[in-house]
Amino acid sequence: MPLRAANLGRPNPVPEYLAALPARHIVSSPAIETMAAELSAFNADMAAFGRLSSDLPMTVVFGDRDGVIDYRWHSAWIQRSHDQALFKTLRGVGHMPHHVRAEVCVELLEQLVDTVSIVESKRTLVA
């Protein structure tokens with residue numbers, strides 16, 4: 001369903017509670033349509049995520065000040081299918097921890113690579 005009123009040919013009015021947001025410039029039909037498309041793509045990615053092996057080594061990084069997603073809900077959702085996943089929540093960080101705290105994310109990625117290398121070495125020895 002389009003976000004534009006069919007008989008007016010212009011965007012729907014911005015509700016008062018959205019008009020009061022500090023970032024009002026993003027409260028527009030094109031911005032909402034873009035966010036909806038991004039959410040659809042994200043959901044498709046997450047459907048594929050559920051098909052990953054449950055023993056796949058995994059590290060998930062969240063910011064505790066994320067205003068886009070609720071990291072607690074996402075952590076619980078991931079934990080249901082990947083109970084061995086390592087979770088790292090960075091204090092004072094928002095939605096893009098890999099940009100804000102790149103050094104921490106690089107360190108976690110290096111640790112994950114080491115973990116995968118150890119797991120692969122064990123599989124080779126057993127095989």
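Predicted model: local features only at pLDDT ≥ 70, side-chain atom pairs only at ≥ 80, totals over all residues.

Colleague: Fine. How many salt bridges does the structure hold?

Modeller: The structure holds 2. D70 pairs with R72, with the closest N and O atoms 3.2 Å apart. R101 and E103 form a salt bridge through their side chains, at 2.8 Å from N to O.

Colleague: Take D70 first. Is D70 buried, partly exposed or exposed?

Modeller: D70 has a relative accessible area of 36%, so it counts as partly exposed. R72 is at 56%, so it is exposed.

Colleague: And what about R101?

Modeller: R101 is partly exposed, at 30% relative accessibility. E103 is partly exposed too, with a relative accessible area of 49%.

Colleague: New topic. How much space lies in the largest pocket?

Modeller: About 1000 Å³.

Colleague: Which residues lie nearest its centre?

Modeller: F42, D66, V68, I69 and H95. The lining has 29 residues in total.

Colleague: Which elements give two or more residues to that lining?

Modeller: Those are α2 (29-49), β1 (59-63), α3 (71-81), α4 (97-100) and α5 (102-126). The largest share is from α2, with 6 residues.

Colleague: How does the lining divide into nonpolar, polar and charged?

Modeller: The lining of the largest pocket has 21 nonpolar residues, 6 polar and 2 charged.

Methods. Residues numbered from 1 in each chain as written. Heavy atoms only, no water. 1 Å grid on protein atoms, 1.4 Å probe; cavity = no way out; pocket = protein on both sides within 12 Å on 5 of 7 lines; lining within 4 Å. Points joined across faces, edges and corners; volume = space filled by probe spheres on them. Helix = DSSP H or I, 4+ residues; strand = E, 2+ residues; numbered from the N terminus. Nonpolar A, V, L, I, M, F, W, Y, C, P; charged D, E, K, R; others polar. Salt bridge = Lys/Arg side-chain N within 4 Å of Asp/Glu carboxyl O. Buried < 20%, exposed > 50% of the residue type's maximum accessible area, 1.4 Å probe, protein only.
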